[in-house]
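Thanks for coming. I have one structure to go through today, so please look at the screen while I talk.

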Amino acid sequence: SVFKSYKHLPANESEADLALSHPRSEWMRRVVSKEGFALIAKAGDISHGAEQDNHGQNHGYDSLARVCKANVEYDRCQSAQESGYNVGLFKLINAGSTAKAELITGVPATWQDVTF
């Protein structure tokens, strides 16, 4: 079951588990297994990035982590697009100073006058 708005939030935890399957997009599911995506997501956990102050817990693969993180974010974008949204994925200014470097924006595709 796919929940497309807050009005359709899952009633309990087991429904939530069904709703948040990964990869989220059909596009990514065609090329990456659930287990493979879990590895990409783990590698993309930039909260331990080289440029962060993480009390000495750096993974040392910052560029690889950022590529993996970008793939996770792109999967989210594709999922939104597959659900009828026009989407944009943007990188924040001074992105190297934060683990939250990407910004996904979207509007319903029925909003004809809005593009990214």
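Buried residues make up 24% of the 116 residues in this protein. Buried here means under 20% relative accessible area, exposed means over 50%, and partly exposed is in between, with a 1.4 Å probe and protein chains only. Before the details, some housekeeping. This is a predicted model, where local features need pLDDT of at least 70 and side-chain atom pairs count only at pLDDT 80 or more, while totals for chains, interfaces and linings use all residues. Residues are numbered from 1 along each chain as its sequence is written, and side-chain values use heavy atoms, with hydrogens and water left out.

Now the overall layout. There are four helices and two strands, and from the N terminus the order is α-α-α-α-β-β. Helices (H or I, at least four residues) and strands (E, at least two) are DSSP runs, numbered from the N terminus. The protein exposes about 8,100 Å², and carbon and sulfur atoms supply 55% of that. Accessible areas come from the Shrake-Rupley method with a 1.4 Å probe, and for residues only the protein chains shown count as cover. Take the contacts between residues at least 6 apart in sequence: 40% of them join residues at least 24 apart. Contact means heavy atoms within 4.5 Å.

P23 sits in the loop between α1 (13-19) and α2. The peptide bond from H22 to P23 is cis, with omega near -5 degrees. S79 belongs to helix α4, and at 17% relative accessibility S79 counts as buried.

W27 is in helix α2, which covers residues 26-29. How many aromatic pairs are there? The count comes to one. Rings of Phe, Tyr and Trp (its six-membered ring) pair if their centres lie within 6.5 Å; planes under 30 degrees apart count as stacked, over 60 as edge-to-face, and the rest as tilted. The pair is W27 with Y74, edge-to-face, at 5.3 Å centre to centre and 80 degrees between the planes. It links distant parts of the chain, since W27 is in helix α2 and Y74 is in helix α4 (residues 62-82), 47 residues apart.

Together with L89 and I104, W27 and Y74 form a nonpolar surface patch of about 320 Å² accessible area. Patches are made of residues with over 30% relative accessible area and no salt bridge, with like charges joined within 9 Å and nonpolar side chains (Val, Leu, Ile, Met, Phe, Trp, Tyr) within 5 Å. A salt bridge is a side-chain nitrogen of Lys or Arg within 4 Å of a carboxyl oxygen of Asp or Glu.

On to strand β2, residues 102-108, where we find E102. E102 counts as buried, at 18% relative accessibility. Leaving aside neighbours within four places in sequence, E102 contacts K69, E73, L89, F90 and K91. The C-alpha atoms of E102 and K91 are 4.6 Å apart, although the two residues are 11 residues apart along the chain.

Last, the cysteines. C68 is buried, with 11% relative accessible area, and C77 is buried, with 3%. How many disulfides are there? Counting cysteine sulfur atoms within 2.5 Å as a disulfide, the total is zero.
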